[in-house]
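Open the model in your viewer and keep the selection tool at hand.

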Amino acid sequence: MMHRHSGLIFTGHTLSVPLEHRRPTGPRIEIFAREVRENDPAAESRPFLLYLQGGPGHRAPRELPVWLRRAVRDYRVVLLDQRGTGRSTPLTRQTLARVDDPAGHLAHFRADSIVADAELLRAHLAGDRPWSVLGQSFGGFCAVTYLSFAPQGLREVIITGGLPGLTATAEDVYRAAYPRVLAHNERYYARYPEDEALARRVVDALRDQDARLPGGDRLTPRRFQTLGIHLGSQARFDLLHHLLEEAFAGPELSEVFLRRVDAAISFAEFPLFATAHEAIYGQGAATGWAAHRVRDEFPAFDLDAGGPVRFTGEMIYPWLFEEDPALIPLAGAAGRLAAKDDWPALYDPARLAANEVPVVAAVYHDDMYVDRDMSLATAATVKGLRPWVTNEYAHDGLGRSERVLDRLLELLKD
């Protein structure tokens with residue numbers, strides 16, 4: 001399957017892979033990847049660059065991000081729909097309803113399985129030649145797993161906003177994350193000081209009114225509070241303000257507001273993100289709804305205390321599986337994943353300390369989603385890794401400016 005537009009050639013590839021790579025004769029799923037190269041005969045001889053999307057549970061980009069325009073000048077880019085997303089055998093409430101053991105099934109959708117898929121895809125496309133990897137956010141976590149367990153498949157690795165804490169527990173991750181989220185709240189209210197009173201007015205209205213989203217589910221104050229997940233993105237930092245400025249139609253919450261809030265907080269399009277999110281931090285112990293438990297250590301987020309409203313960030317709470325219609329059927333599986341205590345290791349510190357693959361990484365100084373200090377500790381652990389620490393970009397810098405990839409490619413050449 002091939003088509004052309006915008007001066008580029010797009011070729012689709014579908015591959016059957018084991019659901020559980022340790023059982024190659026067991027059930028199988030499909031993965032889909034879209035190869036992108038310039039419409040130029042010379043591009044056919046360029047090396048492959050695998051792009052690993054952030055998430056978890058997000059498909060590869062369908063638009064033409066600025067980094068892709070830069071990357072195709074040097075590479076044939078492979079946009080992988082990670083297992084369970086996009087055109088790879090999808091994981092949704094509909095497909096999981098046909099699975100006998102949904103929690104056991106979901107346990108095979110972490111970075112280790114994604115890397116094993118990538119190795120099969122590499123053999124399919126490039127034979128025995130190693131390829132380059134570009135990992136954004138969670139895709140960077142996957143790249144570090146790749147360096148840990150299959151470095152022979154790698155020519156070079158580029159990471160943007162995605163250096164994980166190698167030994168950090170889920171509790172460690174969220175204990176470090178809540179203060180960063182509070183800092184982004186302060187930045188937001190410094191830009192839009194009038195929104196502090198408006199956010200409180202919305203919370204009070206949600207307590208008094210039976211406000212229903214388009215799907216019929218009620219918008220609760222705590223679910224409204226999750227809109228802060230967008231504050232770490234430069235592209236969506238102002239989304240909350242544009243929602244709040246049209247929040248009311250007289251004394252009632254407006255239909256426009258409710259529709260736009262639903263689009264911003266519903267997990268209908270990415271249920272795997274919510275269901276497997278804490279599992280990406282599981283190594284040898286249960287995550288146990290860590291974000292929910294750790295939140296009690298930060299009373300600034302308490303909506304019942306009467307203080308100013310502070311929005312939460314990239315945290316998944318068990319009550320979301322009671323309130324979001326897309327997640328309600330997945331509640332049992334999510335609960336069992338949270339209790340799973342035998343997660344295998346995702347990183348090999350000894351292998352990383354002996355790394356021979358060229359690695360560069362952008363570490364965003366004020367990243368709301370990935371802890372800077374954990375990232376720098378990992379950067380110091382991976383032999384030969386060259387970090388670029390910058391406060392010029394937010395977590396989505398790769399998608400906002402061609403200069404991010406340009407700078408990292410320069411680092412590789414130095």
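On a 1 Å grid over the protein atoms alone, a cavity is a set of points where a 1.4 Å probe fits but cannot get out; a pocket is an open set with protein on both sides within 12 Å along at least five of seven lines, and lining residues have an atom within 4 Å of a point. Points are joined across faces, edges and corners, and a volume is the space filled by probe spheres set on them. The model is predicted: local features need pLDDT of at least 70 and side-chain atom pairs count only at pLDDT 80 or more, while totals for chains, interfaces and linings use all residues. Residues are numbered from 1 along each chain as its sequence is written, and side-chain values use heavy atoms, with hydrogens and water left out.

**Cavities**

There are 6 cavities of 30 Å³ or more. Start with the second largest cavity: select A274, T275, A276, H277, E278, A279, T287, W289, A334, L337 and A338, which line it. Two or more of these lining residues come from each of α11 (271–276) and α14 (331–339). Helices (H or I, at least four residues) and strands (E, at least two) are DSSP runs, numbered from the N terminus. The space inside the second largest cavity is about 80 Å³. Its lining has 7 nonpolar, 3 polar and 1 charged residues; Ala, Val, Leu, Ile, Met, Phe, Trp, Tyr, Cys and Pro count as nonpolar, Asp, Glu, Lys and Arg as charged, and the others, Gly among them, as polar.

Next select F141, P164, G165, V173 and Y281, which lie nearest the centre of the largest cavity, out of 17 lining residues. The volume of the largest cavity is about 150 Å³. At least two lining residues come from each of α6 (170–191) and α16 (372–381). By class, this lining holds 12 nonpolar, 3 polar and 2 charged residues.

**Pockets**

Now select Q53, H58, S233, R236 and F270: of the 39 residues that line the largest pocket, these lie nearest its centre. The elements giving two or more residues to that lining are α10 (255–265) and α17 (397–400). The largest pocket holds about 1,300 Å³ of space, and its lining divides into 18 nonpolar, 13 polar and 8 charged residues.

For the second largest pocket, select H21, R22, D112, S113 and P344, the nearest to its centre among 17 lining residues. Its space is about 380 Å³. Which element gives the most to this lining? It is α4, with 4 residues.

**Helix α10**

Return to α10 and select F257, L258, V261, D262, A264 and I265, which are buried (under 20% relative accessible area with a 1.4 Å probe, protein chains only; exposed is over 50%, partly exposed in between). Seen down the axis of α10, the buried residues fall within an arc of 165° (taken from the directions from the helix axis to the C-beta atoms), so they line one face of the helix. On the other side of α10, E255 and A263 are exposed. The cover over the buried residues of α10 includes α7 (195–208), α8 (221–225), α9 (239–244) and β9 (252–253).

**R76**

Last, select R76, in strand β5 (residues 76–81). R76 counts as buried at 16% relative accessibility. Its side chain makes a polar contact with the side chain of E35 at 2.8 Å; such a contact is a pair of N or O atoms within 3.5 Å, where, within protein, one must be able to donate a hydrogen and the other to accept it, and residues adjacent in sequence count only if both atoms are side-chain atoms. Leaving out residues up to four places away in sequence, R76 touches E35, V36, R37, A43, E44, R46, P47, F48 and L49, where contact means heavy atoms within 4.5 Å.
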